[in-house]
Amino acid sequence: LKAKPDSFEAQFNLATALSKNRRDDKPELAERAEKLLSGLAKRTDIDDTQRADVAYNLGNVRFDGGNLQGALESYRDAMRLNPDDQDAKFNYAYTKLLLQQQQQQQDQQNQQNQEQQQQNQEQQQNEQDKQDQQQDKQEQQQQQQQQDKQKEEQEQQQNQEQRQSGISPQEQEAMLEAIQAQEDKTQEKLKEAQGVLIRGKRNW
């Protein structure tokens, strides 16, 4: 490359060497390989066979780096440029299968998250309902206690008024009975008087 910076073969082979020697502790090797191959894919002075090789190697670099969607697109370009490339077809099918599995796992995870979220919401709602019921019960108890207290205060006030008047409830009851008895006697006398008057009347 120092002698001939535009050499396709030198750039392609360097990218291949970088991709094969990439390590987890040196991700910049794979990044440099992908950058070289991406640049080669844009060149207009190469034929379809060379372009297909670039696309295939770019797919491998992206696949190794975990970019499955990018790898799938590169393998598709390689198959379009070289329909007889069996390795590109295999890698394309395998990458597509992995993407489908990832999507299924993601869908399952999303469903589990939704179910867990729904369970959490239902649990929160149940707890809220219990709190509301407990609060309603406490309010009812407080209201009942207040009513009982008011009733007790009224009874105490009535008893106090009766004590102040000097007449006990028993005496009041006796007085009412005596007044009622006197009223009954008066009514009977009036009825007797009316009966005598009616019997003594003549028919003219």
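Select Gln11: its side chain reaches the backbone oxygen of Pro5 at 2.9 Å. That is a polar contact (a pair of N or O atoms within 3.5 Å, where within protein one must be able to donate a hydrogen and the other to accept it, and residues adjacent in sequence count only if both atoms are side-chain atoms).

This is a predicted model: local features need pLDDT of at least 70, side-chain atom pairs count only at pLDDT 80 or more, and totals for chains, interfaces and linings use all residues. Residues are numbered from 1 along each chain as its sequence is written, and side-chain values use heavy atoms, leaving out hydrogens and water.

Stay on Gln11. It sits in helix H1, residues 8–20. Helices are DSSP runs (H or I, at least four residues), numbered from the N terminus. Is Gln11 buried or exposed? It is buried, with a relative accessible area of 15%; buried means under 20%, exposed over 50% (1.4 Å probe, protein chains only).

Next, select H3 (residues 48–64) and H4. They pack at an angle of about 160 degrees, with axes 8 Å apart. Axes are lines fitted to C-alpha atoms over the stretch in contact, and angles run from 0 to 180 degrees between N-to-C directions. H3 and H4 are therefore roughly antiparallel (over 145 degrees).

Finally, colour by pLDDT, the predictor's confidence in each residue, from 0 to 100. The mean for the protein is 86. Confidence is highest in H4 (residues 68–81), at 96, and lowest in H6 (residues 169–199), at a mean of 73. Over residues 197–204 the pLDDT is below 50.

Terms used
Helix = DSSP H or I, 4+ residues; strand = E, 2+ residues; numbered from the N terminus. Contact = heavy atoms within 4.5 Å. Parallel < 35°, antiparallel > 145°, perpendicular 65-115°, else oblique.
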